[in-house]
Amino acid sequence: MILSGIVILSFLGLHFYDFWVPEMKYKYYDFLPEDPNRYYEELVHKFVNPTRVLIYVVSFITLNVFAFGLSNLIGWVLDLTGIIGDSQPQNIAPFIAAIIVCLPIWIYFWRLSNRNVQDFPEEEFSSLRNLYLNLVNGFSVIIISISIFGLFNSILNFELPYNYLPNLIVWVPILLLHLNPSQKKWENGNKRIHEFFLNVVFIT
């Protein structure tokens, strides 16, 4: 409860700093006229090219479906080998299908997005790419945090903690893979860190 309160208050503070204060300054301190096109360039930058939007949307969807399938398949294998126990018959065909179908698609679009970064260096710092990276990192942090909490809770209750291993095995590499690109040039300002925080809070 305390942690949730701190996160909410931090979100409100950053919202005031990032949006409310500049808006108040624009309207009531600088007395600038109303401009309905103030955020037009940013929206155009994000969505002017449908191909870019498609690349990141497909990448995000296929990555999550693949991670879900792989996590469940690993859990099934651990059940089968008796590491987790309480093994129950289940149909693993959807898990295998999710891996076979989604992994090659995600690899293709991930490589395509990285190729776009090489061809157009400004793409590396685009808001759309940053949104994709932050959402993936946010989901990874949330799932990893829940799994670690469950892991320690099981240990404290003298239970086997292996139920939480599949999610850790799958999502830790995903986080590490996406964390490095999202941290590019964070030292030049806190905007990207701020965007990461806002995206994590948004999806929680």
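I96, I100, V101 and I105 together make a nonpolar surface patch of about 320 Å². Such patches are made of residues with over 30% relative accessible area and no salt bridge, with nonpolar side chains (Val, Leu, Ile, Met, Phe, Trp, Tyr) joined within 5 Å. A salt bridge is a side-chain nitrogen of Lys or Arg within 4 Å of a carboxyl oxygen of Asp or Glu, and accessible areas come from the Shrake-Rupley method with a 1.4 Å probe. The model is predicted: local features need pLDDT of at least 70 and side-chain atom pairs count only at pLDDT 80 or more, while totals for chains, interfaces and linings use all residues. Residues are numbered from 1 along each chain as its sequence is written, and side-chain values use heavy atoms, with hydrogens and water left out.

**Overall fold**

- The chain has 7 helices and 0 strands, where helices (H or I, at least four residues) and strands (E, at least two) are DSSP runs numbered from the N terminus.
- Along the sequence, the pattern reads α-α-α-α-α-α-α.
- Of the 204 residues in the chain, 33% are buried; buried means under 20% relative accessible area, exposed over 50%, and partly exposed in between.

**Helix α4**

- Helix α4 covers residues 93–119, which is 27 residues.
- From its first C-alpha to its last, helix α4 reaches 39 Å, close to the 39 Å expected at 1.5 Å a residue; the expected span is 1.5 Å times one less than the number of residues.
- A bend of about 30° occurs in α4 at C102, and the proline P104 follows within four residues; the bend is the angle between axes fitted to the seven residues ending at a position and the seven starting there.
- Buried residues of α4 include F95, C102, W106, F109 and W110.
- V101, a member of the nonpolar patch, lies in helix α4 and is partly exposed, with a relative accessible area of 47%.
- A93 is also placed in helix α4 and counts as partly exposed because its relative accessibility is 41%.
- The C-alpha atoms of A93 and G69 are separated by 9.6 Å, although these residues are 24 apart along the chain.

**Aromatic pairs**

- The structure holds 6 aromatic pairs; rings of Phe, Tyr and Trp (its six-membered ring) pair if their centres lie within 6.5 Å, and planes under 30 degrees apart count as stacked, over 60 as edge-to-face and the rest as tilted.
- F68 and F95 form an edge-to-face pair, because their ring centres are 6.2 Å apart and their planes stand at 80°.
- This pair links distant parts of the chain, with F68 in helix α3 (residues 50–81) and F95 in helix α4, 27 residues apart.
- F68 counts as exposed at 52% relative accessibility, whereas F95 counts as buried at 11%.
- W110 and Y132 form a tilted aromatic pair, with 6.2 Å centre to centre and 45° between the planes.
- W110 lies in helix α4 and Y132 in helix α5 (residues 127–156), so the pair ties together parts that are 22 residues apart in sequence.
- Both W110 and Y132 are buried.
- One aromatic cluster is formed by Y56, W106, W110 and Y132.

- L131 is placed in helix α5 and counts as partly exposed at 31% relative accessibility.
- L131 and Y56 are 75 residues apart in sequence and 9.1 Å apart in space, C-alpha to C-alpha.

Conventions:
Buried means under 20% relative accessible area, exposed over 50%, partly exposed in between (1.4 Å probe, protein chains only). Patches are made of residues with over 30% relative accessible area and no salt bridge: like charges are joined within 9 Å, nonpolar side chains (Val, Leu, Ile, Met, Phe, Trp, Tyr) within 5 Å.
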